[in-house]
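Okay, thanks everyone, I'll keep this short. Have a look at the chain on the screen and then we'll walk through it.

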Amino acid sequence: MKSAFLPDRGVVKVAGEDARNFLNGLITTDVDRLKPGLGRFGALLTPQGKIIVDFLITEVPAGHGGGFLIDCPKALAEGLATKLKFYKLRAKVTVENLDLGVLAVWDGQLAAQPDLSFADPRNEALGTRILIPEDLKQKLSDLIGAELVDAAEYEAHRIALGVPRGGLDFMYSDAFPHETNMDRLAGVDFDKGCYVGQEVVSRMQHRGTARTRSVKVLLDGPSPEAGATILAGDKPVGTIGSSADGKGIALVRIDRVADALDANQPLSAGGIALKLAEPEVVRIPVKQPVA
């Protein structure tokens, strides 16, 4: 079993008697389904439905003061806290950017279950997240029976699983949840009440209008530079994101890539040949007419 402290992650706390309802009216995940020890994937969107920040969220046990902890990109944590304070108006909530980070643990069963830990809801193979100060990373790794490794090993694991990372595999404020597979990674609860950007996201879900998707790719050579254009022949069809160990994540126009596959056109990025790990994901199911 391996563990890695993720230096790019921060933690924002939202607490107070109105915290649950406050968050439920803002973010894509159903906060009513949260409880201590359980994590959910979600995002705060613009009114136009684009991702401001995506995150994992868990409920704090009463013994730790209650409230909710949001595991988000560290570079966006302060901005997220500011945005939440902007929305709170008269709601009885407090928002603070904590001096905590994230220890990711995967490939095994924990010898002990620490407080403030939860299974990553996006993909079972991503393992467990534990919210701790960085100076406890070795002590806690020893406690749970994990080998502490560099964060680059976790990144390679994430990439191999095809789970997108904001800022590398898509740009914040420029991507819809469907484009980053949040609908496939349990990041959007379509049956919950209203939240910021909900109308746009629901429309894309019901009409099946997402034409851009994050996909796993296999590279025939060294990793291209992140952001390199993916070509089908000489036609742009997307961009490459993060990559490691011959695998990568790309943001592609699925209709154009499907056409390229049908025409047996080779795909490449930065002069490196690539192919889709799961070609079927670019096929859009034909919607049946409503009688």
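So, over residues 211–281, what are the percentages of helix and strand, and how far apart are the end C-alpha atoms? The chain there is 13% helix and 52% strand, with 11 Å between the end C-alpha atoms. Helices here are DSSP runs of H or I with at least four residues, strands are runs of E with at least two, and both are numbered from the N terminus.

Quick housekeeping. This is a predicted model, where local features need pLDDT of at least 70, side-chain atom pairs count only at pLDDT 80 or more, and totals for chains, interfaces and linings use all residues. Residues are numbered from 1 along each chain as its sequence is written, and side-chain values use heavy atoms, leaving out hydrogens and water.

Back to 211–281: UniProt, in an unreviewed entry, puts "domain: CAF17 C-terminal" on that stretch; such annotations may be inferred rather than shown by experiment. The domain assignment, which is automatic or from a database, gives domain 1 as 2–161 and domain 2 as 211–290.

Let's start with the barrel. 6 strands close up in the order E11-E14-E13-E12-E15-E16, with antiparallel pairing; two strands pair if DSSP finds at least two bridges between them. From one strand to the next, the twist averages 40°. Helix H6, residues 254–262, packs on that sheet and touches E11, E12, E13, E14, E15 and E16, with its direction at about 105° to that of E14. Contact means heavy atoms within 4.5 Å, and angles run from 0 to 180 degrees between N-to-C directions, using lines fitted to C-alpha atoms, for helices over the stretch in contact. E11 and E14 are joined by 7 bridges, and Thr-212 has Arg-253 as its partner in E14.

Now the open sheet: 5 strands, order E8-E9-E7-E1-E10, mixed pairing. E8 and E10 are the edges, each pairing on one side only. E1 and E7 run antiparallel with 5 bridges between them, and one of the pairs is Ser-3 with Val-105. Helix H4, residues 151–161, lies across E1, E7 and E9, at about 105° to E1.

How do the domains meet? Their centres, over C-alpha atoms, are 30 Å apart. 5 residues of domain 1 contact 8 of domain 2. Together they bury about 490 Å², 67% of it on carbon and sulfur atoms; that's accessible area (1.4 Å probe) lost on putting the two parts together, summed over both.

Last bit, salt bridges: a side-chain nitrogen of Lys or Arg within 4 Å of a carboxyl oxygen of Asp or Glu. The count comes to 18, but between domain 1 and domain 2 it's 0. One I'd point at is Glu-59 with Arg-20, at 2.9 Å, N to O. Glu-59 sits in strand E4 and Arg-20 in helix H1, so the pair ties together parts 39 residues apart in sequence.
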